[in-house]
Amino acid sequence: MTTQLRTGREIQLAARPAGAPTAANFTLVERPLPELAEGQILVRNTWMSVDPYMRGRMDDKPSYIPPFALGEALEGSAVGEVIESRSAAIPVGATVTHFLGWREFAVVDAETATVLDTGLADPRHYLGVLGTTGLTAYAALTAIAPVRDGDVVFVSAAAGAVGSVAGQIARKLGASRVVGSAGGPAKTRLLTDEFGFDAAIDYRAGDLRGQLAAAAPGGIDVYLDSVGAEHLKVAIEAMHPGGRIALVGAISGYNGAAPEFTPDLYLAATREITLRGMLVTSHLASFGEYIGRAAGWLADGSLRARETVYEGLEQAPAAFLGVLSGANTGKMLVRLG
């Protein structure tokens, strides 16, 4: 390890947003790197993930995960190469995934890092289709709102990271029809042409209820919700008795906007619909099972992965703002080196 590498750049939270975040909420800082303690590794990050849930961590309020600290680097999933090690378990040269993204170099406790099999898939896939993104889709449709043979499945944010994988997995689990919602004709074409959806709804075109009725005239059995608001309301209205809804996210309200649509929970009750929330951290024990299946699908081309890539750490805030506004197709990633 040379002395030139004893500093590294990171993105810090400069101010908490009021409403939608802007570039002014972030700052790029160069900081000294601490010496490694026993059991730690130094990782040169090569890829990092930006995800919608990070918006909640920008606010100073209780949640399932602590808020980002002002004046400190943000956090998130990253992949990188180990360039120094004081761990017997992880050698120099290993490729690992960990949770200290938003920086060029990370001092990581080895017990919190996972060594990746780069012969199985490209390292970047462990942040997307083979990472918690893919696991979210898989757990949602196997444990939270299980897909059964012949089901009609509706997926919101279907051109995004979770949704694009979920639609493909729904088919593998036996769905007879898969309908996705996305923003704009380019994304809706991608759903049917590349990801294998049977029908695609452009929510920006309006009349979401009418579009869903046309795409699934007999109703739906399973809904994966990443949006909330009107999408959730319309899905409940279209759902068969005994239907299942996986509440994965609600990006429509992440910036504090007042809800314009209230789901009819009485209707959900009378149709005996199950609405169940999920945190992917509660399903990490299923990672081995999921990767064992998904890596094969990825290798044989039956599971397709898309990424939107921004180049350089300094572009991480722009990538994050982009994922909140729907600028990405598939997984949003930042390449660091």
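This is a predicted model: local features need pLDDT of at least 70, side-chain atom pairs count only at pLDDT 80 or more; totals for chains, interfaces and linings use all residues.
Biologist: How many cavities of 30 Å³ or more does the count come to?

Modeller: The count comes to one cavity of 30 Å³ or more. The largest cavity has a volume of about 60 Å³.

Biologist: Which residues line the largest cavity?

Modeller: The lining is made of G128, V129, T133, A161, S164, V165, R304, A305, R306, E307, G330 and K331. Helix α3, residues 161-172, gives the largest share of that lining, with three residues. By class, the lining of the largest cavity divides into four nonpolar, four polar and four charged residues.

Biologist: And the pockets? How much space lies in the second largest pocket?

Modeller: About 220 Å³ of space lies in the second largest pocket. Its lining has 13 residues, and Y53, G56, K61, S63 and Y254 lie nearest the centre of the pocket.

Biologist: What classes of residue make up the lining of that second largest pocket?

Modeller: The lining of the second largest pocket has seven nonpolar, three polar and three charged residues.

Biologist: Let us turn to the helices. Is helix α9 largely enclosed or open, and why?

Modeller: Helix α9, residues 316-325, is largely enclosed by the rest of the structure, because seven of its ten residues are buried. Buried here means under 20% relative accessible area. The buried residues of α9 are A316, P317, A319, F320, G322, V323 and L324.

Biologist: What covers the buried residues of α9?

Modeller: The cover includes the strands β1 (7-13), β2 (26-32), β3 (40-49), β14 (307-311) and β15 (331-335), together with α1 (54-57).

Biologist: What happens just after α9?

Modeller: Just after α9, G326 takes a positive phi of about 80°.

Biologist: Which residues is K187 in contact with, leaving aside its neighbours within four places in sequence?

Modeller: With those neighbours left aside, K187 is in contact with A159, A182, G326, A327, N328 and T329. K187 itself lies in helix α4, residues 185-193.

Biologist: Is K187 buried or exposed?

Modeller: K187 is buried, with a relative accessible area of 14%. The C-alpha atoms of K187 and V227 are separated by 16 Å, and these two residues are 40 apart along the chain.

Biologist: Back to positive phi. Which residues other than glycine have it?

Modeller: Among them are A157, with a positive phi of about 50°, and E272, with a phi near 55°. Most residues other than glycine have a negative phi.

Biologist: Where do A157 and E272 lie?

Modeller: A157 lies in the loop between β8 (152-155) and α3, and E272 is found in the loop between α7 (265-270) and β13 (274-277). A157 counts as partly exposed at 33% relative accessibility, whereas E272 is exposed, with a relative accessible area of 64%.

Biologist: Changing topic: at what angle do the axes of α2 and α8 cross?

Modeller: The axes of helix α2 (residues 132-144) and helix α8 (residues 287-300) cross at roughly 95° and come within 10 Å. Angles from 65 to 115 degrees count as roughly perpendicular, and α2 and α8 are therefore roughly perpendicular to each other. T132, G134, L135 and Y138 of α2 make the contact with F287, E289, Y290 and R293 of α8. By class, this contact has four nonpolar, two polar and two charged residues.

Biologist: Where is R124, and what does R124 touch?

Modeller: R124 is in the loop between β7 (114-115) and α2. Not counting residues up to four places away in sequence, R124 touches W47, E307 and L333. At 22% relative accessibility, R124 counts as partly exposed.

Methods. Residues are numbered from 1 along each chain as its sequence is written. Side-chain values use heavy atoms; hydrogens and water are left out. Buried means under 20% relative accessible area, exposed over 50%, partly exposed in between (1.4 Å probe, protein chains only). Helices (H or I, at least four residues) and strands (E, at least two) are DSSP runs, numbered from the N terminus. Contact means heavy atoms within 4.5 Å. On a 1 Å grid over the protein atoms alone, a cavity is a set of points where a 1.4 Å probe fits but cannot get out, and a pocket is an open set with protein on both sides within 12 Å along at least five of seven lines; lining residues have an atom within 4 Å of a point. Grid points are joined across faces, edges and corners, and a volume is the space filled by probe spheres set on the points. Ala, Val, Leu, Ile, Met, Phe, Trp, Tyr, Cys and Pro count as nonpolar, Asp, Glu, Lys and Arg as charged, and the others, Gly among them, as polar. Axes are lines fitted to C-alpha atoms, for helices over the stretch in contact, and angles run from 0 to 180 degrees between N-to-C directions. Angles under 35 degrees count as roughly parallel, over 145 as roughly antiparallel, 65 to 115 as roughly perpendicular and the rest as oblique.
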